[in-house]
Amino acid sequence: MTQAIDRPASKPLQCATFTNLKCRECGATYDLGAKHVCEECFGPLEVAYDYDAIRRQVTRESIAAGPNSIWRYKAFLPVATDTPIDVGTGMTPLLKANRLARRLGLKELYIKNDAVNMPTLSFKDRVVSVALTRARELGFTTVSCASTGNLANSTAAIAAHAGLDCCVFIPSDLEAGKVLGTLIYDPTVMAVHGNYDQVNRLCSEVANTHGWGFVNINLRPYYSEGSKTLAYEVVEQLGWKLPDHIVAPPASGSLYGKIYKGFNEFVKVGLVDDKPVRFSGAQAEGCSPIYQAYKEGRDFITPVKPNTIAKSIAIGNPADGIYALEIAKKTNGNIEAVTDAEIIEGMKLLAETEGIFTETAGGTTIAVLKKLAEAGKIDPDESTVAYITGNGLKTQEAVSGSVGEPLFIDPKLDSFERAWERANTLSRLDWQQTQV
Amino acid sequence: MAVKVLIPTPLQKFTNNEATIDIGGDNIVALLDSLESQFPGIKARLCDDSGELRRFVNFYVNSEDIRFLDGKETALSDGDEVSIVPAVAGG
């Protein structure tokens, strides 16, 4: 039985392990406020830590004895409080995907299943739990975000739990499930006539004039650190080992870079033995600026205008794209892109082989995994982790025409028997067609 | 001729905390020079040593990224709105 989640401070206060904000480009340092841009060079600011302090505080055993959520890794996260906002986020299943592996000719494949992350069924709950905990520490009473859907769901839900006011901005053409899944928490929702990149620009302008905590803008250095828990959990769930290869969607590039940082931090503090981990990236062809740069051997990203069903990863101007590109290159990974039709097939393949219904972003990851495996770009003996970042119930439009219909029958045995025979005939025909 | 420039928070210390500036310039390059003459030091924050726009700064003219237009040669007309925006994460 799972215990109720209500964790008042029960342990002595640990010293905060984060020390300042540091520019990734020029190294300038700043205090730990709500800012995300270097005033010298406009580079992104990142949280810096005292790794000696972390090493002193943390062991495998202390982590394993912690809460069954991302907060078991609190020493690696940029919050000072002993009572972070804990809505059960994280510690999602790492599933050994034997049936999918056989289909793809791989021997050791795992699915990190954030389609069932709590509370809003995407990896975004990780970053938002961290961002809103930090927002509260910094004194914000209103939180906000620019979102392709999942981030809006998560910000609205966790703000509701924390009692924070919330105003979110989304493109006006999002999937119905993502819009409803935000409105239910009763935030103010601004549906902007424009794509995500335009929504993001507008929010930056709003952030200049409103004193709100924008999770992906002025709180970005704290927010993005939450994605590191995707790395920590995989290491712990593999029995304190690094995988050989990971496949994840570098949409803005943030998650991808933070998984890389997470693995490196565990090595740095001695929690896991070092070894090379290859990073491969999955993009939708209709929005693949990082893939284009990779393919053309460029060291800069040219923005694109998104046109794909994979809306949650339709970011044409990826802020951390350049870092994702560097990581793929230096780890001997690959960036690959797939069509919308391949994305739908990827969603169906994961569902049919492993019982996981992912959204279009996950379909992109699986389709790229398949493409890389078929091209021999994943060694069958590599332990490979595919990161599934969101839930298919939110993007039903994408597959509603591709999964067939139920067989409608009368509540009579002979009606069932006729339909059953018909169903078997149809699958036999399917089978014969695939044999030809 | 004047265009309206939206100044991001990190640069507002150059503009006496003004978030919006009306200023002249026929294109982005000329606009940067106008900004520099009125607010000394601001250009070095936006451009690297070789004069190219820094890679983490985005310029928009009437909501369109200048990389979809003519880059820093993008022409400006009276009444245009230019937005300077740092790169942001998200999704």
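**Exercise 1. Decide whether A:Met91 is buried, partly exposed or exposed, and describe its backbone.**

Solution. Step 1: in this predicted model, A:Met91 has 19 other C-beta atoms within 10 Å. Step 2: a residue is buried if 20 or more other C-beta atoms lie within 10 Å of its own, and exposed if 12 or fewer. Step 3: A:Met91 is therefore partly exposed. Step 4: A:Met91 sits in the loop between α2 and β4 of chain A. Step 5: its phi is near 50°, a positive value in a residue other than glycine. Most residues other than glycine have a negative phi.

**Exercise 2. Classify A:Thr89 by its C-beta neighbours and list what A:Thr89 touches.**

Solution. Step 1: A:Thr89 lies in the loop between α2 (60-64) and β4 (94-96) of chain A. Step 2: A:Thr89 has 29 C-beta neighbours inside 10 Å, so it counts as buried. Step 3: leaving out residues up to four places away in sequence, A:Thr89 touches A:Ser69, A:Ile70, A:Asn117, A:Met118, A:Asp125, A:Arg126 and A:Ser129. Step 4: A:Tyr30 is 59 residues from A:Thr89 in sequence, and the two C-alpha atoms are 29 Å apart in space.

**Exercise 3. State which peptide bond, from A:Met118 to A:Pro119, is cis or trans.**

Solution. Step 1: omega of this bond, from A:Met118 to A:Pro119, is near 5°. Step 2: the bond is cis. Step 3: most peptide bonds are trans. Step 4: A:Pro119 belongs to the loop between β5 (108-113) and α4 (124-137) of chain A.

**Exercise 4. Describe how α9(A) packs against α10(A).**

Solution. Step 1: the axes of helix α9 (residues 229-237) of chain A and α10(A) are 7 Å apart, at an angle of about 50°. Step 2: that angle makes α9(A) oblique to α10(A). Step 3: the crossing of the two helices, α9(A) and α10(A), is right-handed. Step 4: α9(A) contributes A:Leu230, A:Ala231, A:Tyr232 and A:Val235, which meet A:Ile259, A:Gly262, A:Phe263 and A:Phe266 of α10(A). Step 5: the residues of this contact are seven nonpolar, one polar and no charged.

**Exercise 5. Explain why helix α12 of chain A is largely enclosed.**

Solution. Step 1: α12 (residues 321-330) of chain A has 10 residues, and seven of them are buried. Step 2: the buried residues are A:Gly321, A:Ile322, A:Tyr323, A:Ala324, A:Leu325, A:Ile327 and A:Ala328. Step 3: what covers them includes α10 (254-268), β11 (278-284), α11 (289-295) and β12 (335-338) of chain A. Step 4: α12(A) is therefore largely enclosed by the rest of the structure. Step 5: just after α12(A), A:Asn332 takes a positive phi of about 65°.

**Exercise 6. Work out the pairing of strand β3 of chain B.**

Solution. Step 1: β3(B) and strand β5 (residues 81-86) of chain B pair in the antiparallel sense over five bridges. Step 2: B:Asn58 stands opposite B:Val85 in β5(B). Step 3: two bridges join β3(B) to strand β4 (residues 64-65) of chain B, also antiparallel. Step 4: B:Val61 has B:Glu64 in β4(B) as its bridge partner. Step 5: the hairpin of β3(B) and β4(B) has two residues between the strands, and B:Asn62 there takes a positive phi near 45°. Step 6: four of the five residues of β3 (residues 57-61) of chain B are buried, so this strand is largely enclosed by the rest of the structure.

**Exercise 7. Describe the side of chain A that touches chain B.**

Solution. Step 1: 37 residues of chain A are in contact with 23 residues of chain B. Step 2: β6 (142-146), α5 (150-162), α7 (196-209) and α8 (220-225) of chain A each supply at least two residues of that side. Step 3: α7(A) gives the largest share, seven residues. Step 4: the side of chain A that touches chain B has 15 nonpolar, 16 polar and six charged residues.

Methods. Residues are numbered from 1 along each chain as its sequence is written. Chains are lettered from A and ligands numbered from 1 in the order in which they are written. This is a predicted model: local features need pLDDT of at least 70, side-chain atom pairs count only at pLDDT 80 or more; totals for chains, interfaces and linings use all residues. Two residues are in contact if their C-beta atoms, placed from the backbone, lie within 7 Å. Ala, Val, Leu, Ile, Met, Phe, Trp, Tyr, Cys and Pro count as nonpolar, Asp, Glu, Lys and Arg as charged, and the others, Gly among them, as polar. Axes are lines fitted to C-alpha atoms, for helices over the stretch in contact, and angles run from 0 to 180 degrees between N-to-C directions. Angles under 35 degrees count as roughly parallel, over 145 as roughly antiparallel, 65 to 115 as roughly perpendicular and the rest as oblique. A crossing is left-handed if the near helix is turned anticlockwise from the far one by less than a right angle, and right-handed if clockwise. Two strands pair if DSSP finds at least two bridges between them.
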